[in-house]
Protein chains: 2
Amino acid sequence: MIELCGPMILYGFWRSSATWRARIALGLKGCSYQYRPINLAAGEQDLDHYRAKNPMGQVPLLELTEQDGRTVRIAQSLVIAEYLDERFAGTPLLPSDRVGRAQVRQLAETINSGIQPLANTSVRAFVRENLGGDDNAWCAHWIARGLEAVESMVRATSGRFAFGDAPTLADICIVPQLYHARRFGVDLRRFPTLTAIERACQSLDPFSLTRPEFQIDAPGDQR
Amino acid sequence: MIELCGPMILYGFWRSSATWRARIALGLKGCSYQYRPINLAAGEQDLDHYRAKNPMGQVPLLELTEQDGRTVRIAQSLVIAEYLDERFAGTPLLPSDRVGRAQVRQLAETINSGIQPLANTSVRAFVRENLGGDDNAWCAHWIARGLEAVESMVRATSGRFAFGDAPTLADICIVPQLYHARRFGVDLRRFPTLTAIERACQSLDPFSLTRPEFQIDAPGDQR
């Protein structure tokens, strides 16, 4: 059933790439929401009141009211996107055929489980503090390795966007991942298909208006 | 459309928890398949002929023929499960209501992206060889941390299985993750709900007959 969006709260962090994915998905589905910053740099994700909402202590988390009045909390950006796509009208986030859906989900999941978990806040802190490693070099290594695979995969499916000529869940993951790649100094000239897709996405408001530096919790010098 | 399964090839590794997920999903959907071992311990995932099939160099990978005759390759265990669930009859891998689907996907994704990527072969090798870290302790840390969150989440949804009284995609992820946790010495007494779910799953052939030690590529002393 397709319906209008009710009031929703998105818990997130301005620089979190997974939170940005949720913002893009909400934008493509035409959903308005209230944004509640959880300061990952200050450890707010580990405070009891947030852990009670999301035991994993990660962002994003979407809190909403279902039609029967229940309060529902959904963690994990790809799960949020699938839920929004099942419930609301707006841009479809997945293709209409099952092979296309598998290809888009594979691109999204390669970023979501193959790249991003290795570069998140708690892993970086562990590499730096417990192993004495260079966590920026660590992130750059895994991001470059993963993007090589995504660049290779996306050549088989892309048109103007990652899958044909309309944005999907794959683009929702690619754009924040390239932002993160730049932050860690990864040379993006090796990924011409991905950067062309990024340029196409930047022409759409749900991508361009949700950028990290536009968020209320971004430091002033970033805005 | 629901149809009978055609010939399928599953590329995997006996001890890979993500490959085990795919075996359980294939079993629950009643699909037969040919199993082709990719020896992760010997680096076969990085050979050109396999990278040509899966640029990420990971297992599992499912190769199958679509109704129109196309050869389709799907990487990422959760994507494989969603595809099988959309295409074939057998046990539904997701609940019929959208909130239930989100809850099951959240449990699955917390394991798939929150735990397993940190304990995979290439990450363990990097921790050991490039950072001089104890990769077994590294794995135990992330598995225990993630399972704490999953145990907390699953208390809200479980019956006999992770979501009510029938197996779903969440159970498909939980059982191999507990196997992996034991391998790295994680104390599972802290997770009574998860271990009760594991016992319920072990009564079902798609879980019990797909165990790592029963695979053709398992070392003789494991079988």
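How many helices and strands does chain A have?

1. **Basis of the model.** This is a predicted model, in which local features need pLDDT of at least 70, side-chain atom pairs count only at pLDDT 80 or more, and totals for chains, interfaces and linings use all residues. Residues are numbered from 1 along each chain as its sequence is written, while chains are lettered from A and ligands numbered from 1 in the order in which they are written.

2. **Elements of chain A.** Chain A has 9 helices and 4 strands. Helices (H or I, at least four residues) and strands (E, at least two) are DSSP runs, numbered from the N terminus. Starting there, the order in chain A is β-α-β-α-β-β-α-α-α-α-α-α-α.

3. **Overall form of chain A.** The radius of gyration of chain A is 17 Å, which agrees with the value near 17 Å for a compact globule of 223 residues. That radius is taken over C-alpha atoms, and the globule rule is 2.2 Å times the number of residues to the power 0.38. The C-alpha trace of chain A spans about 50 × 45 × 30 Å along its principal axes. Of the 223 residues in chain A, 51% are buried. A residue is buried if 20 or more other C-beta atoms lie within 10 Å of its own, exposed if 12 or fewer, and partly exposed in between; C-beta atoms are placed from the backbone. Among contacts in chain A with a separation of 6 or more, 68% link residues 24 or more positions apart. Two residues are in contact if their C-beta atoms, placed from the backbone, lie within 7 Å.

4. **Where the chains meet.** Chain B gives 31 residues to the contact and chain A gives 31 residues. On the chain B side, strand 4 (71-75), helix 3 (77-87), helix 4 and helix 6 (135-154) each supply at least two residues. Helix 4 of chain B has the largest share, 10 residues. The chain B side divides into 16 nonpolar, 8 polar and 7 charged residues. Ala, Val, Leu, Ile, Met, Phe, Trp, Tyr, Cys and Pro count as nonpolar, Asp, Glu, Lys and Arg as charged, and the others, Gly among them, as polar.

5. **Helices 4 and 7 of chain B.** Helix 4 (residues 98-114) of chain B also packs on helix 7 (residues 169-183) of chain B, at an angle of about 30° and with the axes 8 Å apart. Axes are lines fitted to C-alpha atoms, for helices over the stretch in contact, and angles run from 0 to 180 degrees between N-to-C directions. These two helices of chain B are therefore roughly parallel. Angles under 35 degrees count as roughly parallel, over 145 as roughly antiparallel, 65 to 115 as roughly perpendicular and the rest as oblique. Helix 4 of chain B passes helix 7 of chain B in a left-handed crossing. A crossing is left-handed if the near helix is turned anticlockwise from the far one by less than a right angle, and right-handed if clockwise. Residues from helix 4 of chain B in this contact include B:Val104 and B:Leu107; those from helix 7 of chain B include B:Cys173 and B:Ile174. The contact has 8 nonpolar, 2 polar and 1 charged residues.

6. **Helices 1 and 3 of chain B.** The axes of helix 1 (residues 17-28) and helix 3 of chain B come within 9 Å and cross at roughly 10°. These two helices of chain B are therefore roughly parallel. B:Ala18, B:Arg21, B:Ala22, B:Ala25 and B:Leu26 of helix 1 meet B:Ser77, B:Ile80, B:Ala81 and B:Leu84 of helix 3. This contact divides into 7 nonpolar, 1 polar and 1 charged.

7. **Helices 5 and 6 of chain A.** Helix 5 (residues 121-129) and helix 6 (residues 135-154) of chain A cross at roughly 130°, and their axes come within 9 Å. They are therefore oblique to each other. The crossing of helix 5 of chain A past helix 6 of chain A is right-handed. A:Arg124, A:Val127 and A:Arg128 of helix 5 join A:Asp135, A:Trp138 and A:Cys139 of helix 6 in the contact. The residues split into 3 nonpolar, no polar and 3 charged.

8. **Backbone points to check.** Most residues other than glycine have a negative phi, and most peptide bonds are trans. A cis peptide bond joins A:Val59 and A:Pro60, with omega about 5°. Another cis bond joins B:Val59 and B:Pro60, with omega about 0°. A:Gln76 has a positive phi, near 80°. A:Gln76 sits in the loop between strand 4 (71-75) and helix 3 (77-87) of chain A, and is buried with 28 other C-beta atoms within 10 Å.
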